[in-house]
Amino acid sequence: MKTFIHHDLPKLERDTAPDGTRVYKTPSGKAYPSVTTVTGLHSREGIAAWRRRVGDAEANRISGRASARGTRIHANCESYLLGESFEPDMFDAEMFGSIKFLLDQIDNIHCLETPLYSDFLQVAGTVDCIGEFQGKLSVIDFKTASKPKDREDIYNYFMQTAAYAVAFEERTGIPIGRLVIIMAVENDDPRWFIEKRDNWIGGFRKLRLDYKQEFNI
């Protein structure tokens, strides 16, 4: 049984900006872009090149499948940590089973699929998990991949979790210096990465400035 630590965090309203951007409205009425929308700038050119290479139809098929699978695995992780009864989809059972030993190393959970926002960074989003991983307080993100990824492939994940660390500290006063990415890989062993927030928050702040200059939000 996991231990949960409650914080009285505000709920955020999701909305869509005039340009189609997903935004979150804070209790004060400010509209901030999502953390993942901002970090998407980092991989935008690579994704565009990939779409040109495989064609829009195939890219949409692959992206849709990956997105649906990621949503299911996230739901499995949440249910598992909550101690709920569930049965993984037959196509996901192996992937989810591969990361259970890592989920077993999470405890003293502060956030699980919890909305957060930062006035300092002017962003908002929903963090997968904040809790102790191997005994140390961390921002924990659950990812899926069709093939193994290396550290150099996931810089946007580190910037994303760094932003959530800042948002959580802003809302609670509790600093978090550790980032953990847990990645379930299709037909392969899982990967996990541990990084320091301060190595990545500067990169996120630059992306946020680029985003504001381009979209004026």
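In which sense do β2 and strand β3 pair, and over how many bridges? β2 and strand β3 (residues 31–33) pair in the antiparallel sense over 3 bridges. Strands pair here if DSSP finds at least two bridges between them. Strands (E, at least two residues) and helices (H or I, at least four) are DSSP runs, numbered from the N terminus.

This is a predicted model, in which local features need pLDDT of at least 70 and side-chain atom pairs count only at pLDDT 80 or more, while totals for chains, interfaces and linings use all residues. Residues are numbered from 1 along each chain as its sequence is written, and side-chain values use heavy atoms, with hydrogens and water left out.

Strand β1 (residues 13–16) also pairs with β2 (residues 22–25), in the antiparallel sense and over 4 bridges. Val-23 of β2 is the bridge partner of Asp-15, and Val-23 also stands opposite Pro-33 in β3.

| Hairpin | Residues between strands | Residue with positive phi |
|---|---|---|
| β1 and β2 | 5 residues | Gly-20, near 95 degrees |
| β2 and β3 | 5 residues | Gly-29, about 95 degrees |

Ser-98 is found in helix α3 (residues 93–103). Ser-98 has a relative accessible area of 18% and is therefore buried (under 20%; exposed is over 50%, partly exposed in between; 1.4 Å probe, protein chains only). A polar atom of the Ser-98 side chain lies 2.6 Å from the backbone oxygen of Met-95. Leaving aside neighbours within four places in sequence, Ser-98 is in contact (heavy atoms within 4.5 Å) with Ala-184 and Pro-190.

How values were computed. Polar contact = N/O pair within 3.5 Å; in protein donor to acceptor, adjacent residues only side chain to side chain.
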